[in-house]
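The sequence and the model are shown first, and the description follows.

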Amino acid sequence: MSDSLEDRVARTTAEVEQLEKDMVAAQAQLQSASHTAVSSDRLVKITVNGKGELTAVEFLDGKYKTMAAAQLSASVMEAITAARAAMARATVEMLDPITRRAPVGSPRQVRGVDWSQVFGSLLDDDLEQQPRRSSRFRDEIHEDDEMPAATPGEAVGDWQKPKDGG
């Protein structure tokens, strides 16, 4: 037996209302989310918010005072890119399932999102394998013995959800 038109409308309305609630919750979670990454030379720590905007820059030791501008710039850019890429991946992981649940008949731009259009190269799988601009300076940098070597773009802390556990 087929559903009546009223039943289908009620079911679709309930699906849309649930999607709206899920989007509001996800947006709230992203507003208070952050991600922190450290450059591969362990000199710079960068934090970005849920929008991928830079919120903190920390120089981890005094070596930056004697570094060439290009070397320091490369370390900063590497850490920024790593933090923004991690935040972009977390955003996609959170929002993609919601956007794909839009009911059939929804406008095309609502059903799923072309995340590469939103985040560009930040979602490239080979981003972590690309040579880092700072790699040519590795021989010039004297590593601290007390800090273990890091992989390029290694996260200091994974992206953080709001403190209320939301």
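A residue is called buried when its relative accessible area is under 20%, exposed when that area is over 50%, and partly exposed in between. Asp3 has a relative accessible area of 39% and is therefore partly exposed. The model described here is predicted.

**Overall organisation**

The protein chain contains 3 helices and 4 strands. Along the sequence these elements follow the pattern α-β-β-β-α-α-β. The chain has 166 residues, of which 37% count as buried. When contacts between residues at least 6 apart in sequence are considered, 66% of them join residues at least 24 apart. The chain exposes about 10700 Å², and carbon and sulfur atoms supply 51% of that area.

**The nonpolar core**

The largest nonpolar core comprises 23 residues, and the members that touch the most others are Val44, Ile46, Val76, Met87 and Leu95. Helix H1 (5-31), strand E2 (44-49) and helix H2 (69-100) are the elements that give two or more residues to this core. H2 provides the largest share, with 12 residues. Beyond its neighbours within four places in sequence, Leu95 is in contact with Met23, Ala26, Leu30 and Trp115.

**Salt bridges**

The structure holds 2 salt bridges.

| Arg11 | Asp3 | 2.8 Å |

Glu58 has a relative accessibility of 39% and so counts as partly exposed. Lys45, at 22%, also counts as partly exposed. In the other pair, Arg11 is partly exposed, with a relative accessible area of 39%.

**A nonpolar surface patch**

Which residues form a nonpolar patch on the surface? The patch consists of Leu54, Val57, Phe59 and Tyr64, which together have about 330 Å² of accessible area. Tyr64 is located in the loop between strand E3 (54-59) and H2. With a relative accessibility of 32%, Tyr64 counts as partly exposed.

Conventions. Residues numbered from 1 in each chain as written. Predicted model: local features only at pLDDT ≥ 70, side-chain atom pairs only at ≥ 80, totals over all residues. Heavy atoms only, no water. Buried < 20%, exposed > 50% of the residue type's maximum accessible area, 1.4 Å probe, protein only. Contact = heavy atoms within 4.5 Å. Areas by Shrake-Rupley, 256 points an atom, 1.4 Å probe, with all protein chains shown as cover. Core = buried A, V, L, I, M, F, W, Y, C linked by side-chain atoms within 4.5 Å. Patch = residues over 30% accessible without salt bridge, like charges linked within 9 Å, V, L, I, M, F, W, Y side chains within 5 Å. Salt bridge = Lys/Arg side-chain N within 4 Å of Asp/Glu carboxyl O.
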